[in-house]
Amino acid sequence: MNFQLTEEHLAVQAAAREFAQAELLPGVIERDEHQKFPAEQIKKMGELGFLGMMVDPKYGGGGMDTISYVLAMEEISKVDASASVVMSVNNSLVCWGLEKYGTEEQKQKYLTRLATGEIIGAFCLSEPEAGSDATSQRTTAEDKGDYYLLNGTKNWITNGSTASVYLVIAQTDVAKGHRGINALIVERGMEGFAIGPKENKLGIRGSDTHSLMFTDVKVPKENRIGEDGFGFKFAMSTLAGGRIGIASQALGIASGAYELAVKYSKERKAFGVEIAKHQAIQFKLADMATNIEAARLLCLQAAYDKDTHADYGKSGAMAKLFASKVAMDTTIEAVQVHGGYGFVKEYHVERLMRDAKITQIYEGTSEIQKIVISRELLK
Ligand code: CAA
Ligand code: FAD
């Protein structure tokens with residue numbers, strides 16, 4: 001294992017940092033307050049290649065490795081986790097799933113535009129009554145010969161109203177349990193497809209979270225991903241990589257808060273000295289830095305496993321479990337280092353603290369990561 005970053009890795013990291021500081025930082029507080037989707041910024045991220053980083057260049061992607069993706073996700077998430085969740089879903093759930101399991105026709109029709117950011121995608125597994133318990137899908141995709149008739153509701157869908165392409169998981173044959181589930185490509189605007197109102201959230205408020213309703217939507221058979229009954233495995237396998245993206249989002253939120261805490265502690269004076277001179281503050285910074293470094297190594301380990309075609313289910317789940325806790329702990333302490341100023345919006349750390357929480361919930365809660373890890377340990 002050698003985590004010496006290459007020149008290419010460093011260039012990607014620098015480009016993401018520069019973009020985040022120049023394009024995402026201005027307006028991030030207002031977007032959070034007004035729940036405004038970062039539409040212009042996402043468009044630019046597509047133009048710069050951040051939305052299809054790992055996709056083969058023949059489909060319009062950057063052909064980069066997962067380590068580059070982790071580094072870019074960290075930099076973007078330091079500043080705007082609402083933008084980085086769009087990046088994570090598009091890269092690791094939608095593009096990856098289509099590239100790995102889609103037909104050549106599906107790749108030509110959808111992946112080529114998703115990888116360049118011309119359009120963005122959504123991944124639709126969760127339902128009002130099926131979140132962690134993802135096999136109990138209520139949405140049905142009835143086999144009607146040359147099409148599926150899709151009925152049901154999906155909940156909490158990121159990019160819900162901004163996506164053009166939705167990968168929808170639904171039950172075709174209840175008797176077969178999870179082996180009767182399919183993954184279908186649904187296009188925005190298909191008859192019978194409706195989008196609910198935007199959720200009013202604690203964090204990542206700029207991101208676009210909606211429920212989706214399907215009423216007798218006719219989805220052509222050629223839009224099924226993989227063999228009949230492959231949908232649940234498609235979702236699980238895709239989420240294994242997605243969790244590396246969310247782990248690096250959590251890492252970025254933590255390191256963003258840490259950098260702000262270091263800067264502030266050198267500026268703010270109390271009892272005649274900079275607060276950084278008080279050992280209580282130094283110890284907080286030392287704990288933050290140590291935890292962040294450990295989280296970064298777990299993220300890079302999972303990325304390395306994926307890049308070297310080793311099993312990354314456990315390492316990705318470990319990275320997400322640990323980095324999301326580090327994000328919570330670090331952001332809470334960063335607010336503390338800022339005192340009262342940490343409690344108001346101008347100093348960014350209160351937003352990072354609110355944004356951190358979602359990393360312990362989506363793409364599998366922390367409890368679900370422990371199930372995934374312990375099953376691997378005990379098998
Ligand atoms: N790759 C391929 N197949 C896998 C797999 C993987 N990583 N993990 C499990 N499977 C297969 C199993 O082999 C099994 O198939 P067989 O019976 O044929 O062997 C099948 O899937 C069912 O697996 P389990 O028996 O383990 O299923 P379970 O009911 O016990 O549930 C679970 C397992 C891990 C808890 C799963 O339900 C889960 O991951 N839940 C969390 C759901 C989740 O992460 N949702 C995220 C939604 S997307 C999102 O959140 C995006 C966002 O916010 C931005
Ligand atoms: P539940 O499954 O009801 O869990 C409630 C609590 O019980 C949790 O603490 C959980 O860990 C615990 N629990 C449940 N089962 C067990 C168990 N077996 N052992 C121990 N503890 C357990 N989903 C998508 O498909 N696509 C998206 O794009 C997407 N984006 C999201 C964006 C946001 C902002 C949010 C809030 C959610 C998003 N989700 C998305 C849904 C997300 O993945 C689910 O919320 C998550 O998987 C948890 O499901 P749930 O909310 O139904 O909670």
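Modeller: Let us begin with the elements: helices (H or I, at least four residues) and strands (E, at least two) are DSSP runs, numbered from the N terminus. With that in hand, the span of residues 6-118 is 72% helix and 0% strand, and its end C-alpha atoms lie 29 Å apart. This is a predicted model, in which local features need pLDDT of at least 70 and side-chain atom pairs count only at pLDDT 80 or more, while totals for chains, interfaces and linings use all residues. Residues are numbered from 1 along each chain as its sequence is written, and chains are lettered from A and ligands numbered from 1 in the order in which they are written.

Colleague: What does UniProt list for residues 6-118?

Modeller: UniProt positions are given in the numbering used here, feature names are shortened, and annotations may be inferred rather than shown by experiment. In an unreviewed entry, UniProt lists residues 6-118 as "domain: Acyl-CoA dehydrogenase/oxidase N-terminal".

Colleague: How should I read a pair of packed helices, and at what angle do H7 and H10 pack?

Modeller: Axes are lines fitted to C-alpha atoms, for helices over the stretch in contact, and angles run from 0 to 180 degrees between N-to-C directions. Angles under 35 degrees count as roughly parallel, over 145 as roughly antiparallel, 65 to 115 as roughly perpendicular and the rest as oblique. H7 and H10 pack at about 160°, with their axes 10 Å apart, and are therefore roughly antiparallel to each other.

Colleague: Which residues of H7 and H10 meet?

Modeller: Two residues are in contact if their C-beta atoms, placed from the backbone, lie within 7 Å. By that rule Ala 250, Ile 253, Gly 256, Ala 257 and Leu 260 in H7 meet Val 349, Leu 352, Asp 355 and Ala 356 in H10. As for classes, Ala, Val, Leu, Ile, Met, Phe, Trp, Tyr, Cys and Pro count as nonpolar, Asp, Glu, Lys and Arg as charged, and the others, Gly among them, as polar. The residues of the contact of H7 with H10 divide into seven nonpolar, one polar and one charged.

Colleague: Which residues of H9 does H10 meet?

Modeller: Helix H9 (residues 313-338) and helix H10 (residues 349-358) have axes that come within 9 Å and cross at roughly 160°, so H9 and H10 are roughly antiparallel to each other. From H9, Ala 327, Met 328, Thr 331, Ile 332, Ala 334, Val 335 and His 338 meet residues of H10, including Val 349, Leu 352 and Met 353. This contact of H9 with H10 has nine nonpolar, two polar and two charged residues.

Colleague: How many residues surround ligand 1, and which are the closest?

Modeller: A residue is near a molecule or strand if its C-beta atom, placed from the backbone, lies within 6 Å of it. Ligand 1 is surrounded by 23 residues, and the closest are Ala 134, Met 236, Ser 237, Tyr 362 and Gly 364. Helix H5 (81-101), helix H7 (231-267) and H11 each supply at least two residues of this shell, and H7 gives the most, with six residues. By class, the shell around ligand 1 has 13 nonpolar, eight polar and two charged residues.

Colleague: And which residues come nearest to ligand 2?

Modeller: Of the 23 residues around ligand 2, those that come nearest are Ser 126, Gly 131, Ser 132, Thr 365 and Glu 367. Strand S1 (121-124), strand S3 (147-158) and helix H11 (366-378) are the elements that give two or more residues to the shell around ligand 2.
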